[in-house]
Amino acid sequence: MNIGRWILGAAAGLAGLAGSAAHAQTITLWSHWADEQAKVAFVEEAARRFEAKHPGAKVAISWYQKGPLNAALQSALRARRGPDIFYADPFQVEYIDNGLIAPLDGLLNTDNLEDWAKAGWTHGGKLYGLPLEAQTIELYYNKDLAKRFGVELPPGGHLKTDAFLDLVKKAQAGDVTPIVVGVADRDYPGGYLFGELLLKKLGPEDYEKLIDGTLSYKDPRVVSVFSYIHDLAAAGAFPKSIASLKLGESHAYFYRKPGGVMLPMGSFYPSRAFNPPDKGGQPVGFPLGLMNYPVPPDAACPTCKTSRVGGSYVINAASKNIKLAADLLNEMATPDMAAKWVSTVLVQTGAKVDYSKLTTDHKEYFDDLAAANTGTKPFLGALFDRLRGGCLDAYKQVMNVGLPAGLVSVDKAIDTMAAACTKKS
């Protein structure tokens, strides 16, 4: 990260904190993504377009890493001050609960937004954020390695759980890591398989009950999924270094060295993998494929799949420029800017995009991504988005690390999750 740039940006942000009211036509924006140049370029382009349409208006952007951003916002918003617009994730519902962000109904052009993405920021019937970044939970794989181990994907792109376990065993016997997962610096990658299998097994209604604590983790269907993850771990599915492997390192492990057959990952994968090889990206010609997650026996919803709203922008309820700030957010969601986001950031968006018309060097990838999601039934929000308090803590300990790493038994895992997550009647 460019420290000088951060200091200048922070100074601009603090200036906005001190006196935004004195410059009514200056829109201040504080954002994460300080070291993600494609996202920085996108937001700065939206700001330039906004300024061209609003003579006399200016946009002052301060770029942060997420930790410092949240710390700065906590003190500023508590004082009912701060920037006009700021970055937020949909699970940060405390902003809504405490009246810190403005509802955007009648301000955002919702015709440019996907319905499922709007739902990620809709609370109490009101829309509170622009769902700029979006993801699906994908299962990437090395086509050549899968072929070596005899895998032929059926229509729909997913295997049954027994065939999936068989692939794991064949890869392990061939001295190749079957499923690359690293959780050292993230609280969620180890739980990707859990979430997708539980969603398919239970179906959306009962999965929702599991999330809100009215369905126990001791339900036999849940136990069967936990037992399956245990069987995968016992078969050597995950790296021995899973607990010490970082997220970025897991990408390199998968497509460079030592190599793996599969990588469960949000569809933000290209933001790292499509960098030039000398900057850590995947090798030229890497045989990347996408398969859907395995389907458990008697699955209630075999085609269910998690969609997520990621990094978003909201408007400070204390802003003196709410209408003008909303105009800036609308600029980010126009059809041509949405297409620019996908083609340059290489990540999905909650704004509407005609993926068939994208101009990008990675058109084949986006065609494959579209095919992997054709016919699926989206469910909004991963477990780590939706769980709270002690239940979320238990998820981090048990589902993200403990069971995939072989550190706890199925019985212990189930007891821990049930005790932390099940509502008392």
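Visitor: Is Asp 89 buried or exposed?
Guide: Asp 89 is buried, with a relative accessible area of 7%. That figure sits under the 20% cut-off, so Asp 89 counts as buried. Keep in mind that this is a predicted model.

Visitor: Where is Asp 89 found?
Guide: Asp 89 is in the loop that links β3 to α4 (94-97).

Visitor: What is Asp 89 in contact with, leaving aside its neighbours within four places in sequence?
Guide: With those set aside, Asp 89 is in contact with Lys 66, Trp 121, Gly 310 and Gly 311.

Visitor: Which side chain does the side chain of Asp 89 join in a polar contact?
Guide: The side chain of Lys 66 is the partner, and the polar contact is 3.0 Å.

Visitor: OK, on to Ser 319. Where is the place of Ser 319?
Guide: Look in the loop between β12 (312-315) and α12 (322-332).

Visitor: Buried or exposed, that Ser 319?
Guide: Ser 319 is buried, at 12% relative accessible area. Its side chain also makes a polar contact of 2.6 Å with the side chain of Asp 84.

Visitor: You mentioned β12. What is the order of the open sheet of 4 strands?
Guide: The order is β2-β1-β3-β12, and the pairing is mixed.

Visitor: Which strands stand at the edges?
Guide: β2 (58-63) and β12 do. Each has a single partner strand, so one side of each has no neighbour in the sheet. On average, neighbouring strands here are turned by 25° against each other, direction ignored.

Visitor: How many bridges join β1 to β3?
Guide: There are 2 bridges between β1 (residues 26-31) and β3 (residues 85-88), and the two strands run parallel.

Visitor: Which strands does α12 lie across?
Guide: α12 lies across β1, β2, β3 and β12, and runs at about 165° to β12.

Visitor: Switching to another strand. How many residues of β10 are buried?
Guide: For β10 (residues 288-295), 8 of the 8 residues are buried, so the strand is largely enclosed by the rest of the structure.

Visitor: In which sense do β6 and β10 pair, parallel or antiparallel?
Guide: β6 (residues 134-142) pairs with β10 in the antiparallel sense, over 4 bridges. Within that pairing, Leu 139 stands opposite Met 291 in β10.

Visitor: And how many bridges join β7 to β10?
Guide: 2 bridges join β7 (residues 158-160) to β10, and those strands run parallel. Lys 160 has Val 295 in β10 as its bridge partner.

Visitor: Let's talk helices. Why does the distance between the end C-alpha atoms of α16 agree with what it should span?
Guide: α16 (residues 389-402) has 14 residues, and at 1.5 Å a residue it should span 20 Å. The end C-alpha atoms are 18 Å apart, which agrees.

Visitor: Where does α16 bend?
Guide: At Tyr 395, by about 30°. Tyr 395 is also one of the buried residues of α16, which include Cys 391, Leu 392 and Val 398 too.

Visitor: What covers the buried residues of α16?
Guide: The cover includes α8 (192-212), α9 (220-234), α15 (383-386) and α17 (410-421).

Visitor: Which helix does Ser 224 lie in?
Guide: Ser 224 lies in α9. At 34% relative accessibility, Ser 224 counts as partly exposed. A polar atom of its side chain lies 2.6 Å from the backbone oxygen of Arg 221.

Visitor: Now the backbone. Which peptide bond is cis, with omega near 0°?
Guide: The one from Lys 257 to Pro 258 is cis, with omega near 0°. Pro 258 is in the loop between α10 (247-255) and β9 (260-266).

Visitor: What is phi of Arg 80 near?
Guide: Phi of Arg 80 is near 60°, a positive value in a residue other than glycine. Arg 80 belongs to the loop between α3 (66-78) and β3, and it is partly exposed at 46% relative accessible area.

Visitor: And phi of Asp 175, what is that near?
Guide: Phi of Asp 175 is near 60°, again positive in a residue other than glycine. Its place is the loop between α7 (161-173) and β8 (177-179). At 73% relative accessibility, Asp 175 counts as exposed.

Conventions: Residues numbered from 1 in each chain as written. Predicted model: local features only at pLDDT ≥ 70, side-chain atom pairs only at ≥ 80, totals over all residues. Heavy atoms only, no water. Expected span 1.5 Å × (residues − 1). Bend = angle between axes of the 7 residues up to and from the residue. Buried < 20%, exposed > 50% of the residue type's maximum accessible area, 1.4 Å probe, protein only. Contact = heavy atoms within 4.5 Å. Polar contact = N/O pair within 3.5 Å; in protein donor to acceptor, adjacent residues only side chain to side chain. Pairing = 2+ DSSP bridges. Axes fitted to C-alpha atoms, helices over the stretch in contact; angles between N-to-C directions.
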